[in-house]
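Let's take a walk through this model, starting with the sheet and then stopping at a handful of residues. Keep the viewer open as you read.

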Amino acid sequence: MKFAFAVPPQVHTLDLIGPSHVLYEARELVADIELIHFGITETPTVEGSNGLHFSHLIPFYNLRLDPGDFIFVPGLPQPMLQSEEFKQRTALFAQWIMEQYQRQVNICSICTGTFLLGNAGILNEKHCTTHWKYCDLLQKQYPRAKVIKNRLF
């Protein structure tokens, strides 16, 4: 089974590294898991919000996933998510992730990564949550989403 982690520009590294490392440990114990880290833009190197750099990222459009595999979309700074320039730069990723969803790949977001799923249209009629500071903004931006406040998962 493949677990693919999106690495957007300015990624919140805890959102990425925490879940990725948990799955790494599961693989080390017994799980048959393939871990993949991929970029959501044309850039093969990404700087995280804390200055940590990630390189040699697989472009999302080269990633082949099967039904039942997982994609994790971690959070990133809210100003970037609100930027029209960023939304345009990630429009192909939004289309691609919707295609993965339609192919029955499991899509998970962490923290503000939920906004990237909203951009793709995946949240329509779905229960979701995000960082507590941004629940109202998520609901305002994606009125068809069923945003649940005060939830961790």
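What follows covers the sheet, the helices on it and some individual residues.

A quick word on ground rules: this is a predicted model, where local features need pLDDT of at least 70, side-chain atom pairs count only at pLDDT 80 or more, and totals for chains, interfaces and linings use all residues. Residues are numbered from 1 along each chain as its sequence is written, and side-chain values use heavy atoms, with hydrogens and water left out.

**The sheet and its helices**

Helices (H or I, at least four residues) and strands (E, at least two) are DSSP runs, numbered from the N terminus. Here 5 strands make an open, parallel sheet in the order β5-β2-β1-β6-β7. At the edges sit β5 (58-59) and β7 (106-109), each pairing on one side only; two strands pair if DSSP finds at least two bridges between them. Strand β6 (residues 70-73) and β7 pair in the parallel sense over 4 bridges, and Val73 stands opposite Ser109 in β7.

Helix α4 packs on the sheet, touching β1, β2, β6 and β7, and its direction makes about 145° with that of β6. Helix α1 lies across β1 (2-7), β2 (34-39) and β6, at about 160° to β1. Contact means heavy atoms within 4.5 Å. The angles run from 0 to 180 degrees between N-to-C directions, using lines fitted to C-alpha atoms (for helices, over the stretch in contact).

**Asp15: what does its side chain reach?**

Asp15 lies in helix α1 (residues 13-29), and its side chain reaches the backbone nitrogen of Gly75 at 3.1 Å. Asp15 is buried yet has no salt bridge, and the nearest side chain of opposite charge, Lys133, is 12 Å away. A salt bridge is a side-chain nitrogen of Lys or Arg within 4 Å of a carboxyl oxygen of Asp or Glu; Lys and Arg count as positive and Asp and Glu as negative, while His and the chain ends are not counted. Leaving aside neighbours within four places in sequence, Asp15 is in contact with Pro74, Gly75, Ile110 and Cys111.

**Burial at a few other spots**

Buried means under 20% relative accessible area, exposed over 50%, and partly exposed in between (1.4 Å probe, protein chains only).

| Residue | Relative accessible area | Class |
|---|---|---|
| Gly113 | 0% | buried |
| Phe86 | 1% | buried |
| Thr90 | 3% | buried |
| Cys111 | 23% | partly exposed |
| His56 | 75% | exposed |

Phe86 lies in helix α3. Outside four places in sequence, Phe86 is in contact with Pro9, Ile40, Leu76, Met80, Leu81 and Leu116. Thr90 is found in the loop between α3 (84-89) and α4 (91-102), and its side chain reaches back to the backbone oxygen of Phe86 at 2.9 Å. Thr90 also touches Ile40 and Thr41, not counting residues up to four places away in sequence.

Gly113 sits in the loop between β7 and α5 (114-120). With neighbours within four places set aside, Gly113 is in contact with Val73, Pro74 and Gly75. Its C-alpha is 9.4 Å from that of Pro77, 36 residues apart along the chain.

**Two positive phi values**

Cys111 lies in the loop between β7 and α5, and its phi is near 55°, a positive value in a residue other than glycine. His56, in the loop between β4 (53-54) and β5, has a positive phi of about 60° although it is not a glycine.

Notes. A polar contact is a pair of N or O atoms within 3.5 Å; within protein, one must be able to donate a hydrogen and the other to accept it, and residues adjacent in sequence count only if both atoms are side-chain atoms.
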